[in-house]
Each structure stands twice: as C-alpha cells, then as structure tokens.
Amino acid sequence: IAFKRLQAERGPLRHLHLPGVDAFALPGYQDAHFQQVLFTDADALAAALPAVADFYRGHGLSRWRVTLTPGQRGAARVLGAAAYRPDFTVVAMGAWLHELPDAAPGVPVETVEDLDELVEINVHTYGAEWRDILSVWQRPPRLPVHTVVAREHGRALSCGLVVDVADTAGVYLVATHPEARGLGLASAVMRGIIREARRRGCTAMVLQSTQAGIRVYRHLGFRDLGPWEHWVPQEP
C-alpha cells in the first residue's frame with residue numbers, strides 16, 4: 001500500500017481509500033495487472049466491493065485484481081460469492097536481516113538518487129508499455145525511496161528499489177537488462193540492498209517474487225511466506 005500510494009501522489013494512478021480497503025486504478029490500461037485492490041480483512045472487503053466496482057468502471061475499466069495474502073481464506077469465500085475467480089499467483093518472500101549473510105555484492109553496486117537508470121532497465125526488461133507507468137519515479141521532488149544499481153563498464157544493468165515502512169524494507173522493481181542475465185547482477189543488487197537496509201536500521205525485508213526470481217531469493221536466504229492470490233471479476 002505504501003508503494004502504491006507513492007505512485008499515486010504524482011502520477012496517473014488513481015486511489016480509492018475505504019475503511020480497510022485501498023483500490024488503485026491506472027486508467028487507459030485494460031490489463032487487470034495494472035489495477036489492484038488491497039485490504040485488511042474479509043468484512044471490510046465485503047462492504048467495499050460495490051464501491052470498488054463503481055470506482056473501476058467509472059474509470060472505464062472492466063477488469064481489476066483483488067490481492068489475497070496468506071491466511072485470508074474468508075476473503076476467498078467473499079470473492080467467490082461475488083463472482084470473482086482466481087487468476088494468477090505470486091510468491092511472497094521475506095527475511096530477518098540479522099539472519100542473512102553479510103556478503104559483499106561481488107560486482108560494483110551503488111546507491112543512486114536519480115531513478116532514470118532504474119526506469120530504463122525496467123522498460124528494457126518488461127516492455128515499452130511500462131515507460132509511462134514508471135515515469136512517476138522520475139518526477140521531482142525526489143521520492144523517499146532507496147535505489148541500488150549494479151554496473152559493468154560503467155553501464156547500469158541491474159537495479160532494485162526499496163520503500164521502508166517502519167523497520168521493514170519492501171523491495172520492488174528488481175530487474176536485469178536482458179543482455180546481462182545470468183551474470184549474477186540481480187544477486188549483487190540484492191546484497192547491496194540488504195547492506196544498505198541494515199545501515200538504515202531495518203530489521204526485516206519483504207518482496208513478491210515471480211517464478212523466475214524465486215531461486216535467486218532463496219539462495220540469498222529469503223523464505224517463502226506463502227502465495228499472493230490475485231482474483232478478478234468474471235467476464236459478464
């Protein structure tokens with residue numbers, strides 16, 4: 001929610017806040033991946049679903065995703081009764097920072113304030129349609145985030161961004177340029193992120209992993225915390 005709120009502060013992302021529910025819409029993108037509902041408990045979600053549907057439809061959107069984090073089985077019953085269905089799943093992972101080895105990155109990494117390189121790496125990794133979405137991170141004033149990049153011959157080829165909430169570091173936008181995959185750069189970025197988070201006094205780190213990234217994070221010492229299920233409304 002903190003990550004999404006930062007995006008909504010200065011970009012095209014629209015935000016609906018209801019008791020226990022936050023819905024985020026990106027008008028102009030029909031893919032449900034770009035529309036996300038996060039909530040605290042099943043009762044709050046049940047009460048908010050009509051307003052959530054109105055919010056998205058009011059922005060010309062017919063599909064959105066509701067994210068169920070582990071342990072929210074009551075919410076699954078609420079969504080099933082409201083004609084939602086499971087669509088896709090990502091894996092939540094986390095670690096206590098004191099349990100992770102204090103390993104050197106292995107390749108040059110640095111903390112940067114300018115986020116242009118992070119945006120470019122993610123666009124090369126995920127596609128040109130992400131440029132407008134990610135441009136929010138380039139707009140002044142500087143956002144309260146922490147960014148690490150890995151370089152080879154001075155060129156930024158891998159990156160990751162962190163948003164701190166209290167003593168927990170949330171990791172986002174980890175990407176490696178397609179030309180540089182398999183060189184260990186993502187692991188180097190993560191080691192740099194871990195080291196910097198410790199320096200800031202963080203005690204825990206969390207992230208959501210694609211299937212492609214799970215092996216990297218496990219090797220670094222992260223544990224599986226369970227699946228994040230994304231449910232979407234059924235087609236009319």
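**Reading the labels of a predicted model**

Q: Why does cysteine 159 count as buried?
A: The relative accessibility of cysteine 159 is 0%. The label buried is given under 20% relative accessible area, exposed over 50%, and partly exposed in between, using a 1.4 Å probe and protein chains only. Cysteine 159 therefore counts as buried.

The structure is a predicted model, in which local features need pLDDT of at least 70 and side-chain atom pairs count only at pLDDT 80 or more, while totals for chains, interfaces and linings use all residues. Residues are numbered from 1 along each chain as its sequence is written, and side-chain values use heavy atoms, with hydrogens and water left out.

Q: How do you know whether cysteine 159 is in a bond with the closest cysteine sulfur?
A: A disulfide requires a pair of cysteine sulfur atoms within 2.5 Å. The closest cysteine sulfur to that of cysteine 159 belongs to cysteine 202 and lies 19 Å away, which is too far for a bond. Cysteine 202 is accordingly in no disulfide, and the count for the model comes to 0 disulfides.

Q: What makes cysteine 202 buried or exposed?
A: Cysteine 202 has a relative accessibility of 8%, and therefore counts as buried.

Q: Why is histidine 177 called buried?
A: Histidine 177 has a relative accessible area of 8%, so the label is buried. This residue is found in the loop between S9 and H6; helices (H or I, at least four residues) and strands (E, at least two) are DSSP runs numbered from the N terminus. Leaving aside neighbours within four places in sequence, histidine 177 is in contact (heavy atoms within 4.5 Å) with Ile121, His124, Thr125, Arg155 and Leu157.

Q: What joins the side chains of histidine 177 and arginine 155?
A: The two side chains are joined by a polar contact of 3.5 Å. The term covers a pair of N or O atoms within 3.5 Å; within protein, one must be able to donate a hydrogen and the other to accept it, and residues adjacent in sequence count only if both atoms are side-chain atoms.

Q: Why is proline 178 called partly exposed?
A: Proline 178 has a relative accessible area of 39%, so it is classed as partly exposed. Proline 178 sits in the loop between strand S9 (168-176) and helix H6 (185-199). With its neighbours within four places in sequence set aside, proline 178 is in contact with His124 and Thr125.

Q: Why do glutamate 229 and arginine 73 form a salt bridge, and what does the pair tie together?
A: A salt bridge is a side-chain nitrogen of Lys or Arg within 4 Å of a carboxyl oxygen of Asp or Glu. The closest N and O atoms of glutamate 229 and arginine 73 are 3.4 Å apart, and the pair forms a salt bridge. Glutamate 229 lies in strand S11 (residues 223-233) and arginine 73 in helix H3 (residues 73-81), so parts 156 residues apart in sequence are tied together. The whole structure holds 15 salt bridges.

Q: What makes aspartate 102 and arginine 198 a salt bridge?
A: Their closest N and O atoms are 3.7 Å apart, and the two form a salt bridge. Aspartate 102 lies in the loop between S5 and S6 and arginine 198 in helix H6, so the pair ties together parts 96 residues apart in sequence. Asp102, Arg195 and Arg198 are linked in a network of salt bridges.

Q: Why is aspartate 102 called exposed, and arginine 198 partly exposed?
A: Aspartate 102 has a relative accessible area of 56%, so it is exposed. Arginine 198 has 26%, and is therefore partly exposed.

Q: Where do glutamate 196 and arginine 199 lie?
A: Both lie in helix H6, 3 residues apart, about one turn of the helix. Glutamate 196, at 22%, is partly exposed, whereas arginine 199, at 61%, counts as exposed.
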